[in-house]
Amino acid sequence: MLLCVSCFHAKHAYASDRPAANVSLDNLSIRQLENRLVEIDSQLGRLASFSLRGGIGAIGYRSNWRRPPERKEWIEIELDKEYLIDEIVLVPTLWRDTHRGFQSDGFPQAIRIRAGTNNNPKGKVVAEYNLQDKIEPRIGPLVVPLKQIAASWVRIEATRLSTRAYDGKRIFQLAEIIVFSGLHNVALRQHVATSSNSKDRVGAWDERFLVDGLMPYLMDSSEGNQSLAYVSRFGEQPSLYLDLGSQRKISEVHLHAVDQGDTVPQAYAGDLGIPNRLKIEGSDSEDFANAKILLDYQRTNINDIGPIMMWRIPETTCRFVRLSAVKPEPTTQDVSVGNPSGDIRIGFAEIELYSDGQNVALGKRAFADDPPNPGDRSPNALTDGKNLFGEILPVRTWMHELAKRHDLELIRPLVIKELNRRYASQRIQLTLVTWLAAFLAVGIGVTFLIDRILRTRQLTELRIRFAADLHDELGAE
């Protein structure tokens, strides 16, 4: 585990202590700027892209609005135990600007992050960003690297609020907060407290959405071949099975929803293959004689689902895993989740089961109750590590790549602007040099002509003098 985490930091150290907007380009030569631009374009081609979600779903948290920007708002996440945390990721809520495209909305202009334990209720300031750091506007997540610190709670303090787009009120909004301990998001589905909540909040706004694992992005890496998700045929209580090959301790489940496709508008609400009630069981035997429930999830409204659904579960040792679509409890059915009495289907783009930060389901055998017919989608897609866009990345790597893309896309136009300024300066200098060369050439020509005229005049005067002297000598003789 420690080796895995150290390798991660060595290979994916994308986050910087300060945003890229503050990078100075004045001291770079033109050749260095050109090389920097080539390097940026090369990196952008390898990083995950900003593919944004569509349809309906949870947005995140919204505070009450405040008049003075200095009024502080805060969010505190209470962890289930003490962890050694080393990174925090803040995901902004997004707004479609008619002129600039998607931008963050209500992301603070300045923040302070505290962390502490139950024995230290005041905590310690582990990171701080001010106005000079220019952390907003942004579309990518803000990755905050930390020196490893023991913490049982984390508080995000907005020390200077920004305005929300549609009415200009000062407000604090976030889509998701991720707290990493190694490769684990220890904030996932933990208790959240806030300084205030919006009075006009609707079903898509709630503090619990800050730690539900649902973000405004689709997993769109730039690497690997695409894979079509598996969806079962219509049937009664269909089930999916995974054979992990050996006993594994499962502590986290990630389910990637069936891709909605690239059509506009989209063909469905994003819940294809996600049953209203999903039961995940683990067992030592393939017949599930000693089945243990890993997760019993029942959807109450459309905001509960998203492209990637994540749950932390009590650590359970098993080899076989079964995912079953079952009928919801009648007392908790909600008309907003669809038609619970219709045919049930189950399907996902990927099923990830984590043990010590590693997806132990990757490449393992997956199968269903009924074998697929010719032309059906294969259950192998459930564990091939790919979705419609390509390779599926670990969440921490994904956040780092999006944060890196944000920094590079921010600095790229600055590099181009500086290059254009240098090129324009060079053109001006070249024009001046050209005119100076022309003036010098004309000056040299005029000087040569004047010198020639003077020399001719001197020669003429010399001839006249010689003739006069010769005439005088002849006269004297």
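Residues are numbered from 1 along each chain as its sequence is written, and side-chain values use heavy atoms, with hydrogens and water left out. Because the model is predicted, local features need pLDDT of at least 70 and side-chain atom pairs count only at pLDDT 80 or more, while totals for chains, interfaces and linings use all residues.

Select Leu255, Leu323, Phe348 and Leu353 to begin. Within the largest nonpolar core, which has 34 residues, these four touch the most other members. A nonpolar core is a set of buried Ala, Val, Leu, Ile, Met, Phe, Trp, Tyr and Cys residues joined through side-chain atoms within 4.5 Å; buried means under 20% relative accessible area, with a 1.4 Å probe and protein chains only. Next, colour β20 (308-326), which gives this core its largest share, 7 residues. Strands are DSSP runs (E, at least two residues), numbered from the N terminus.

Apart from this core lies another, of 33 residues; Ile75, Ile77, Ile113 and Leu146 are among them.

Go now to Val186, in the loop between β13 (184-185) and β14 (191-194). Val186 counts as buried because its relative accessibility is 1%. Show Lys81 as well: Val186 and Lys81 are 105 residues apart in sequence, yet 9.2 Å apart in space, C-alpha to C-alpha. Contacts of Val186 (heavy atoms within 4.5 Å) include Leu79, Tyr83 and Arg312.

Finish by selecting Arg53, Gly213, Leu214, Met215, Tyr217, Pro307, Ile308 and Trp398, the residues that line the second largest cavity.

Conventions:
Buried means under 20% relative accessible area, exposed over 50%, partly exposed in between (1.4 Å probe, protein chains only). Helices (H or I, at least four residues) and strands (E, at least two) are DSSP runs, numbered from the N terminus. On a 1 Å grid over the protein atoms alone, a cavity is a set of points where a 1.4 Å probe fits but cannot get out, and a pocket is an open set with protein on both sides within 12 Å along at least five of seven lines; lining residues have an atom within 4 Å of a point. Lists of a residue's contacts leave out its neighbours within four places in sequence.
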